[in-house]
Every structure is written in C-alpha cells, then in structure tokens.
Amino acid sequence: MQQPLDSQIPPGCPAHGNVQMYGPSFGADPEGHYAQLRTFGPSAPVDIAPDVQAELVTSYDAALYVLQNPASFVRDSRRWNALNEGRVPADSPALPMMGYRPNALFSDGAAHARLRQAVTDSLATVNEHQLIRQTQQSANYLISQFSTDIRGQAELMAEYAQPLPLLVFSDLFGCPPEIGDRVIAGISGIFEGTPGADEVLGGALTELIALKRRRPAADLTTRLMEHPAQLSDEEVLHQLVTLLSGGTAPLAAAIGTSSALYLGEDWQVGLPVEDAVSQTLWNYAPIANYAAHYPTHDVELGGRVVRANDPILVSFAAANTDPKLTEHREQLSAKAHLAFGAGPHACPAKDPAFMIAVTAVEALLNRLPDVEMRVPFKALTWAPSPWSRTLVTLPIRFSPRAVPQAAEPAAPNPGPAPQQQATPSSPPATGPSRTGRSSASQSKGGLFTRFLAWTRGE
C-alpha cells in the first residue's frame, strides 16, 4: 500500500509548506508527486532538501523555455539568494549538487563557452569503435567476475552497472593502475558520502594531471590540457570531476534500468536494446531533477512570479512524461527527450553515453543468454533521491559458466572509473566464497589494477 503523498497539501500553502521532494514518500512514488505538482501549473515551489526551497519546472515546454533562454536564466549558483543570506543549512545535501564549482556546468557566457569548447572538442576525438571495444572489454571483465557464481546469481547494479562506466571513463582519462584505483575510490566515496572522498579524488586527479604534463598521451586528460583554450591545471581537474560525476552515475542508472526493462515481464520480445535505452531516457530519466538556473530578473512561469536569483530546477523526469507531450510523443524524434538536457548546457557526451549503455546491455545478453531477473520489474526498489532515478538493486539469475580470464585484444591504456557502491576500503569485487577464486587474487590492488591484470591474462 502506497504512503499518502506529501503533495496532498497544495504547493506553497502557508500553513503547511512546500511539497517535499525527498524521503521515503517521494522515493516510493515520484510520478504521483509530479502529477500533483502539475495541477498547479508548469512549475511549483518545492523543498528539494530540508529547508531548501526551489521552483520545480514540470512542464516540457516550460523546461525548454528555461534551458534555451540563457539571457534570462543563468547557472552560476553564487547568485543564489538563500545561500547568500545564510538560509541554507551548512550540511544540506543540496549543497554538493547546487553549490558553485569552477566548471562548465556552473559557468555562463564567455567563460562557459571556453570551458565547454575544450570539453566538446576533446570528446570529439574519441574513436567510436575504440569506445565500443573498451566498453565490451570492461563488460567482459565484470561478467567474468560474477558469472562463475555456483548459485547462478548476481546483483547487477553493484557488480556490473555501477563499475562499468567507471572502468570506461578511467580508460578515456589515461589513468595508470594506482591512480585509477584512487579515482574509483574517490568517486565511489563521494556518491556514498564517505568522509575525505573529495580529497582522495582531488589528489588522484592532481597526480594524473602532473603525470600528463610530464608524459602526454593519446587520452582525454592530455587533450583537455593541450586544447587551444589553455585550461589551467585547476580547470582541467574540475572538468574531469564534472565528466566523472556527471557521466558515470547517470550511465550506471541507464544501464541498470535498461537491463531491467529488457528483462522485465512487459518487454516485447524482438525489440532491440536501443529501444530499452530510449525508453529509459524517456520514462526513467537518470538525472531526474537538476539543472539549477537563477533568473537574472523576476520572471513569470504560468502565472507564478519567481524572484531574481531564486533557484529554478528542471524536472527532466516530469517534463519527459508531461501528459501534454504524451499525446503526440510518437510523432517526436526518439531523441526529443530531455534526459540529456537542452540548450547551451546540454550534455556534450550524449551520443557516446547512449552507445556505452547499449553496448553494456548487449554484452550482458550475449555473454549470459539465459539471464533473467529474480523479481518482477514492478517490484524493484528505486533510490529515494530527488536528483536521480536509479535502481537500488537488480537481482538476476543465470546458468553459471566458466569465463575465460583473458580478454579479447586489449584496448590501449585502459583507465579507472569509479563505482557508485564501492568505498575506498572495499573496492567492488565478488568474494572468493562465491566464485571459488583465491583471496590472494582478490587482494591485488583495486578495481582498475585487477582489470588491467585481467586484460594481460594475469
């Protein structure tokens, strides 16, 4: 039985406060909250975290208006009224998501154009076929770690969907093993709230940048550093952090949800994996509510006036499922969803991200052709975060099999990528009691070190 919605109270009601977009009630039924919010217009005031108010846009048309109008809506959160007035709790979970960082995501105008150009130009040099090979190799390694489980069971989020994009990204960055292990530990710790995780990640990336200054290579880090925009080392670091945090967790969510949809009870046999990924991006947007904008002047949204420099968040999840859009969605392009944003701050890596997600799901189905979920799709549990739409767990079963320890021809210089469920002290790996592998083989470094050893047949 579902819990009653907090949003039974009209948004902004002085006697009761705003709709709460966090906690168990929201996590159990975000669609119900969005439906209730829509009754008040294209946007409504919400609490995105305790004592943190924002205007949430739920209309597809209004979302496009905000995203594509940089003259009136800017991204620099140093303008945030409540933060500047001391009304945001210092320990608020909204601060890591909305607080200013010197990267393209929180920049505007010429500063944004300069940083974004460096990122997009660098990403444009990534070879599509090499990226597919890197993704397949990472997938094969991870599957080899859990597919010999004598019970024929695995938890796909922690053992596959979450670490896979981290391995791929680490490869793109050109991390050596030891630095790659720390990058993974740092990003994983940030997602888990591990104290000191920021310092671990920052230290690892600082060492990586120093290494590339001494020994440049054909990797994304070097391309960012050598771009004509002449980014400082600090700027390179922050762009790498943005790519890691903004790319790996949403990709993990997309891989997990797409796999669950394809294996679910309602999936139509014969439809390609691409359809499952597209449906995920439309109906289960991995970045659910984000993209804080700050009006440069008082603005009106559907009859409501939002004060200059008060945050406006875009609900990509609600906009994609806007009933006014659903009526003619079949006539829209399959890419018309807002899962990757829109306007000047749209995701610069949407095509590679889609390719990685499709390749990851296909690799799973090809290596484990009889794989199936252990619970119905509708019984899966979702994380209660207002920011993302991701599965907590995805239990699967399959026929146990022996998987070759050596990979296909190794992609050059694979690099680490963090995992959402790992911690600095416990990198993701299946235990020897499940797979029969010795504890000695499990203790040889972190995830990326073990992955590189596997590619060499060690």
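## Two packed helices

Helix axes here are lines fitted to C-alpha atoms over the stretch in contact, with angles running from 0 to 180 degrees between N-to-C directions. Helices (H or I, at least four residues) and strands (E, at least two) are DSSP runs, numbered from the N terminus. This is a predicted model, where local features need pLDDT of at least 70, side-chain atom pairs count only at pLDDT 80 or more, and totals for chains, interfaces and linings use all residues. Residues are numbered from 1 along each chain as its sequence is written, and side-chain values use heavy atoms, leaving out hydrogens and water.

Take helix H13 (residues 233-263) and helix H14 (residues 273-283): they pack at an angle of about 120 degrees, and their axes lie 8 Å apart. H13 is therefore oblique to H14 (under 35 degrees is roughly parallel, over 145 roughly antiparallel, 65 to 115 roughly perpendicular, the rest oblique). In the contact (heavy atoms within 4.5 Å), H13 supplies Ala254, Thr257, Ser258, Leu261 and Tyr262, while H14 brings Val273, Ala276, Val277, Gln279 and Thr280.

Now over to strand S2 (residues 43-49), where seven of seven residues are buried (under 20% relative accessible area, with a 1.4 Å probe and protein chains only). Strands count as paired if DSSP finds at least two bridges between them. S2 runs parallel to strand S1 (residues 19-20), joined by two bridges, and antiparallel to strand S3 (residues 52-57), joined by six.

Asp47 in S2 stands opposite Gln20 and also opposite Gln53 in S3.

## The hairpin turn

S2 and S3 form a hairpin with two residues between them, and Asp51 in the turn has a positive phi of about 65 degrees.

How values were computed:
Buried < 20%, exposed > 50% of the residue type's maximum accessible area, 1.4 Å probe, protein only.
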